[in-house]
Amino acid sequence: MDLSPEGIFHIYSRGNNKQRIFFSQANYDFFIGKLRKHLSDKVDILAYCLMPNHFHLLVHTAAEFNQDQFTKAYRIILSSYTRAINVQEGRSGSLFQQSSKSRKIESTVDGRVCLNYIHFNPVKSGLVESMIKWKHSSFNDYLGLTKPPLANADKAIQFLDIPADPQQFEQVSLGMLPDNYREMIF
């Protein structure tokens, strides 16, 4: 997974054979803690969503971005999380597919679509009826309901031209995704 300085990237990974990677609220909280501890000083996390068998990140890399430091931190997150789940679930081996995927976001419009897609993922999957009910994404960060937030809303407002006002953000987010959204963000 190659990221470059001064870019916005959609990163996603899933469980081996599409298997479950999060089993409890504590697992989601633990993983978010890992992101906060290991990644938040390497990239600006603009959006995230943790799903039962995969996760999405939308990140911004600064001019001084260091690929090696990011890769090391990302590997620590996945390997330490895997070890914890293996102990918890009495299993062994890899939890995640061999390699995470990333795609550079080429335009502001694509970035907004990706942010909305990430937040809409639990609704699309039938896990909840509204984005606000899924507690494992940055949607509630943008509404001011998560303390402290993991997502850097100020950077997202700057780079993706999204509304700063939480009510306006919610209204814009409830809009439909374009039919070709998958081409735009994957």
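A crossing of two helices is left-handed if the near helix is turned anticlockwise from the far one by less than a right angle, and right-handed if clockwise.

First, the ground rules. This is a predicted model, in which local features need pLDDT of at least 70 and side-chain atom pairs count only at pLDDT 80 or more, while totals for chains, interfaces and linings use all residues. Residues are numbered from 1 along each chain as its sequence is written, and side-chain values use heavy atoms, with hydrogens and water left out.

On confidence: pLDDT, the predictor's confidence in each residue from 0 to 100, averages 91 over the chain, and 93% of the residues score at least 70. Helices (H or I, at least four residues) and strands (E, at least two) are DSSP runs, numbered from the N terminus. The lowest confidence is in helix 7, residues 181-185, with a mean of 54, and the highest is in strand 3, residues 54-61, at 98. Where pLDDT is low, the predicted coordinates should not be read in detail.

Strand 1, residues 7-14, pairs with strand 3 over eight bridges, and His 10 has Leu 58 of strand 3 as its bridge partner.

Axes are lines fitted to C-alpha atoms, for helices over the stretch in contact, and angles run from 0 to 180 degrees between N-to-C directions.

How do helix 1 and helix 2 pack? Their angle is about 155 degrees and their axes are 10 Å apart, helix 2 being residues 67-89. The crossing is right-handed. Residues in the contact include Phe 30 and Phe 31 of helix 1 and Ile 76 and Tyr 81 of helix 2.

Lastly, the loops. Lys 147 and Pro 148 are joined by a cis peptide bond, omega about -15 degrees, and Pro 148 is in the loop between helix 4 (139-142) and helix 5.

Terms used. Pairing = 2+ DSSP bridges. Contact = heavy atoms within 4.5 Å.
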